[in-house]
Amino acid sequence: MSAFIDTNVLVRHLTGDPADMAEAATEYLRTEVELLLTDVVAAETVYVLESFYEAPRDQVAQALRSLIAFGSVVCVDPSLLLRAVEVYETERIDFAEAYLVACAESTGIARVASFDRSLDRVASVERIEPGS
């Protein structure tokens, strides 16, 4: 592992903004051997693309898939992240909730304690509302 990769490098690569930093980021991603993409940085990348760049959900999902598939990028659990991206895109819920769904599915603990009713759209998990 040569380094952890930060959100700002990924966002520059994905958006091309600003051009000089984007070029440097893309070249770095292309030439490094192994860069660790943490789940938190993946989530922050989604947030930045959605909020600051106002990228549509399908483009954000494709961008994350491309990062996970990038030759130099290593994830702790790429299948978990890919499932989170799939749930985020298809169920149209926030990435954090989609990540919880993916974690619940992968661990066999198919229950999520949450007040967020958007989780009710996901058939593979049961939302448990505290206090009810």
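Me: Hi! Is Phe95 buried or exposed?

Reply: Phe95 is buried, because its relative accessible area is 6%. Buried here means under 20% relative accessible area, exposed means over 50%, and partly exposed is in between (1.4 Å probe, protein chains only).

Me: What should I know about the model itself?

Reply: This is a predicted model, where local features need pLDDT of at least 70 and side-chain atom pairs count only at pLDDT 80 or more, while totals for chains, interfaces and linings use all residues. Residues are numbered from 1 along each chain as its sequence is written, and side-chain values use heavy atoms, with hydrogens and water left out.

Me: Thanks. How many aromatic pairs are there?

Reply: The structure has two aromatic pairs. Phe52 and Tyr53 make an edge-to-face pair, because their ring centres are 4.9 Å apart and their planes are at 80°. Tyr88 and Phe95 are also edge-to-face, at 5.9 Å centre to centre with 75° between the planes. For the cut-offs, rings of Phe, Tyr and Trp (its six-membered ring) pair if their centres lie within 6.5 Å; planes under 30 degrees apart count as stacked, over 60 as edge-to-face and the rest as tilted.

Me: And Phe52, buried or exposed?

Reply: Phe52 counts as exposed, because its relative accessibility is 63%. Tyr53 is at 25%, so Tyr53 counts as partly exposed. Tyr88 is buried, at 1%.

Me: Which charged end sits over the ring of Tyr88?

Reply: That is Arg57, with its charged end 4.4 Å from the ring centre of Tyr88. A charge sits over a ring if NZ of Lys or CZ of Arg is within 6 Å of the ring centre and within 35 degrees of the ring normal.

Me: Switching topic: where is Arg127?

Reply: Arg127 is in strand 5, residues 126–128. Strands (E, at least two residues) and helices (H or I, at least four) are DSSP runs, numbered from the N terminus. Arg127 counts as buried because its relative accessibility is 17%.

Me: What does the side chain of Arg127 make a polar contact with?

Reply: One partner is the side chain of Glu129, at 2.8 Å. A polar atom of the Arg127 side chain also lies 3.0 Å from the backbone oxygen of Ser114. A polar contact is a pair of N or O atoms within 3.5 Å; within protein, one must be able to donate a hydrogen and the other to accept it, and residues adjacent in sequence count only if both atoms are side-chain atoms.

Me: Last one: where is Ser66?

Reply: Ser66 is in helix 4, residues 57–69. The Ser66 side chain reaches the backbone oxygen of Ala63 at 2.7 Å.
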